[in-house]
Every structure is written in structure tokens, then in C-alpha cells.
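Welcome, and thanks for taking a look. Please open the structure below and keep it in view while reading this short report.

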Amino acid sequence: MSKIIVLDPGHGGSDPGAVNGSRFESHDNLRIGMAIRELLRSQGYDVRMTRETDVFVSLDERANMALRANADLLVSLHRDSFPTTTPSGVTMFYRWQNSAEIASTLLQSIPLRLRAGNRAEPLRQGAWRVLQHSRIPGVFAELGFISNANDNRLFDEHFDEYTQSLARGIVQALGDQWRDTADETPPDDETLDGGAIPGNMTPAWRVRGGTYRNQESAERVRQAFIRALAEEGIDDRPFLEQIMLPK
Ligand SMILES: [Zn+2]
């Protein structure tokens, strides 16, 4: 029996989610959900959608669909939003500890240049209602900020790469192997963070605004950004993460 994946495009119908001009979060969520469904179906999974059209579905109903299906994984798809245009980047949430590893795998699956923004913690715990059933492993993906023009550009111009990487991440999170099909091209850049360190690479610390071989320097720059953002009245903490640089 094939594993069951429930994809949950957030919002819909009378609930557009976050809005930026004529751009509705609900539409972005559905678009990427349907694309990921096709990729996962081609891998042999039983993929169910909480919605396939622009309709309203309550959070409890979405959660219960995953429970009734006894899903191996529930992935809720969203785009983030903020009152100012500054915050950017992908954030992956989990609610229950049994999903922390899955959320981490999914986050890492997205190429760094597509997911990196200025959020303090791209991987977080959050009490999302759609993830209410602890028995069903689940993640809540905020795929960049709809309130940030560059995030929208990345989402649109690298849409196939987003969907490919998320589909691969889901396969990996389920402990399975991605089966290559004839017509696909591999992602053009693998992320450098995570995995073994090749002999010709050395760790470095990247923060918004620069990359530093010294962690203290990176942290100092990050704190300066936090202070600058606070002065603008923005409660946002740019992330600091380790990457690999050629020696
Ligand atoms: Zn949302």
C-alpha cells in the first residue's frame, strides 16, 4: 500500500489569506499544492488535497481530513506576510516533536538562495490549528513573504525549482528514495549546508549582509541588523546560519 500524503493549500474562497495588491496567498498556495501533487503522484504516492479549487475549507476540517486518511504526512502550504516589506524568506514550522526532523528535512530541501531571507529562525515550532492531531506527522510551510517583492519574484521565476525541491524533500522526509524519471533535470545547485563536509570546503557563518569565517563577526553584524530593524519598529531577527565555503 502506498503512503498517503495530504497536501493542504492554505485559505481559499472567502478567505484569501494574505493579500498584496491583486496577489492572493490562497492562489499561490493552491498553485504550488497542485504542482507538488503531480510530482508526488509520479513517484507513486497516494496524494490527497484538502482543496483542489478556490473554496473555503475550515481548519478543523482540513486537520480531520488528514486524520481520517491516516496520512503519513500532512503538509500545509502557505505564504507569509508582514505589515512592512522588509521580512523575507521561507519558514518551516512543526507543532509536535515527531515532526521536527521532517520540518528540518523539508526546509533544507529548498535551495538556500530560494529560502534564505532575514528571519531569525527558519525552522520553528508553532501551535498551528491545522496540525492539531499529534498522531499525524505534519508541517506548516510559509513559502516566502507575499509582502516582499523579491520573495514573490523568487516564487514566480523559480516555481518549478520550488516544487521539485519540496517534492524531493517530502520523499526524503518519508524515508524513501526519489525515483528519477526520464524528462527531469536535476536541481542546478545543491545547498551547501548539511551533510558531510568535502575536503576542499570549510565552515563559514552567513548572516544577512555578509558571510564571515568568524562566527563572532557574523553575530556582531546580525545584532546590528536587529538594532537597525528595531529602530524602524520592526520586530524581526535576521537569521545566522552556517554554510560551507571553498577553503
Ligand atoms: Zn496562510
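In what order do the 6 strands of the open sheet lie? This is a predicted model, and in it the order reads β4-β1-β5-β8-β6-β7, with mixed pairing. At the edges sit β4 and β7, each of which pairs on one side only. On average, neighbouring strands of this sheet are turned by 25° against each other, direction ignored.

Let's turn to one pair of strands. Strands β5 and β8 run parallel and are joined by 6 bridges. Among the residues involved, H78 has E142 in β8 as its bridge partner. A helix also belongs in this picture: α3 lies across β5, β6, β7 and β8, and runs at about 165° to β6.

| Element | Residues |
|---|---|
| Strand β4 | residues 46-49 |
| Strand β5 | residues 73-80 |
| Strand β6 | residues 91-94 |
| Strand β7 | residues 123-125 |
| Strand β8 | residues 138-145 |

Now for a residue worth a click. V171 lies in helix α6, which covers residues 159-173. Is V171 buried or exposed? V171 counts as buried because 22 other C-beta atoms lie within 10 Å, and the cut-off for buried is 20 or more. Leaving aside residues up to four places away in sequence, V171 touches Q43, D176 and W178. I5 is 166 residues from V171 along the chain, and the C-alpha atoms of the two are separated by 10.0 Å.

Methods:
Residues numbered from 1 in each chain as written. Predicted model: local features only at pLDDT ≥ 70, side-chain atom pairs only at ≥ 80, totals over all residues. Helix = DSSP H or I, 4+ residues; strand = E, 2+ residues; numbered from the N terminus. Buried ≥ 20, exposed ≤ 12 C-beta atoms within 10 Å, placed from the backbone. Contact = placed C-beta atoms within 7 Å. Pairing = 2+ DSSP bridges. Axes fitted to C-alpha atoms, helices over the stretch in contact; angles between N-to-C directions.
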